[in-house]
Amino acid sequence: MSEPFEETLRQRLEAVRSQGLWRSLRPVDHRSGSELETGGHRLVSFAGNDYLGLSQHPAVLEAAVRAVYDWGCGSAASRLISGSLAVHHHLEDTLAEFLGTKAALGFSTGHAAATGTIPALVGPGDVVIVDRLVHACCVDAARLSGAKLRVFRHNDLDDLDRILRWASALPRNDSGGPRVLVVTEGVFSMDGDSAPLAGLVELKERHGAWLMLDEAHSTGVMGPEGRGLAAQLGLGSRVEVRMGTLGKALGASGGFIAGSRALIDLLVNRARSFIFSTAPVPAAAAAAAAALELMLTRDGEEARQRLRSVAAAGARVVARAFPEPAGAAAYEGSAGHILPVPVGDEAAAVALADRLRAAGVWVPAIRHPTVARGSARLRLTFSAAHTAADLDSLEEAFNRACIQTPPNLSGDAA
Ligand SMILES: *Cc1c(COP(=O)(O)O)cnc(C)c1O
């Protein structure tokens, strides 16, 4: 009977709760610009990853709606089974052109792009080396591949060098390997800092390893026309595997891999999350292509400029609320669109987020397992959709939320 099942789950949930790690969904009844309505309250959100506000841009909406009428709501099957719709090819051609690669491939999500790609590239007997702070999907994908998983200290080239030396000394296997894949991010999702890409590229080339760069938080935001960190540094052609999502700054939904023709052909033949999954909805592909086209226009440039000025103003608000030394870190090289405020204790972070919500702004408390235990934080994200009034609301909310109980700031967010 299901009684032991329910009891087991209840016990596990109790353990989650007692560690201050309980999560639940908060229904949003309405969304407009940076405002959300939840439980009858209007809140200004500093929680989304819609950095340019494109999820509500008229040209993106128009493209999505048109695709629904042109192609239908769903894609009917995997692209290898029932034919590959032109709307998906258009997106991939647009992506490849945008990133300056030979080819690109769309996935239903960025998560699916990672779990399809890493196991297609490496397997048992090979090595995957990830930055300690890479997104869960790349860690999951690395585990799924069956390759040996090694973790280097965040952005630490010496530590990576040490692990690459170890990998170089491994005995050769049947495939002439081991193949060695290094995985990192353009802009780290929970810290907002960037990978030292020039050094990483130099290092992986010296050791004959491959590099996969997840640009989930840099696509659309950094580099010329929002082409990302690799483009900003002129290193695109030296990164074997470029990954990103269409669901953040591009305001749509889906994930992608961009690179050589051989890479994309291999994924079409080997990436299980691509082969064994219904193609992304046409509306999402069309919306993403429209967003990419917007990147090249005045609208796109203005949105990126607005984001930068909102982020700079937001950083000043946070610095006033949390003065030195434990105040929020602003990182060189990042557009500043992700701003972590270190708190440390899980329950304290949640309590602070609750007080901010009561004061009218939504700033998420980020806890284990998204970040390490004891490094809970508030994570603010800024968007071109934020107004000056939104930033005033943020300042006022910080003033009210921090007055009774200043947060127990304990230094390093990482
Ligand atoms: C959000 C995110 C992903 C996953 O992308 P989705 O399209 O949301 O599945 C991958 N990597 C990083 C760094 C992310 O932040």
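Me: Is the crossing in which helix 4 passes helix 12 left-handed or right-handed?

Reply: Helix 4 passes helix 12 in a left-handed crossing, where left-handed means that the near helix is turned anticlockwise from the far one by less than a right angle, and right-handed that it is turned clockwise. This is a predicted model, in which local features need pLDDT of at least 70 and side-chain atom pairs count only at pLDDT 80 or more, while totals for chains, interfaces and linings use all residues. Residues are numbered from 1 along each chain as its sequence is written, and side-chain values use heavy atoms, with hydrogens and water left out.

Me: Which residues of the two helices make that contact?

Reply: On helix 4 they are V87, H88, H90, L91, T94, L95 and F98, and on helix 12 they are P282, A285, A286, A288, A289, L292, E293 and M295, with contact meaning heavy atoms within 4.5 Å.

Me: And at what angle do the axes of helix 4 and helix 12 cross?

Reply: The axes of helix 4 (residues 86-99) and helix 12 (residues 282-295) cross at roughly 30 degrees and come within 9 Å; axes here are lines fitted to C-alpha atoms, for helices over the stretch in contact, and angles run from 0 to 180 degrees between N-to-C directions. The two helices are therefore roughly parallel to each other, a label for angles under 35 degrees.

Me: Switching to strand 5, how many of its residues are buried?

Reply: Five of the five residues in strand 5 (residues 127-131) are buried, that is, under 20% relative accessible area with a 1.4 Å probe and protein chains only. V127, I129 and D131 point one way, whereas V128 and V130 point the other way.

Me: Which strands does strand 5 pair with?

Reply: Strand 5 pairs in the parallel sense with strand 6 (residues 148-152) over five bridges, and also in the parallel sense with strand 7 (residues 180-185) over four bridges, where pairing requires that DSSP finds at least two bridges between the strands. D131 has F152 of strand 6 as its bridge partner, and I129 stands opposite V182 in strand 7.

Me: One last thing, what is the strand order in the open sheet of three strands?

Reply: The order is 11-14-13, with antiparallel pairing, and the edge strands, each pairing on one side only, are strand 11 (338-344) and strand 13 (365-366). Within this sheet, A365 has L378 of strand 14 as its bridge partner.

Note on methods
Buried < 20%, exposed > 50% of the residue type's maximum accessible area, 1.4 Å probe, protein only. Parallel < 35°, antiparallel > 145°, perpendicular 65-115°, else oblique.
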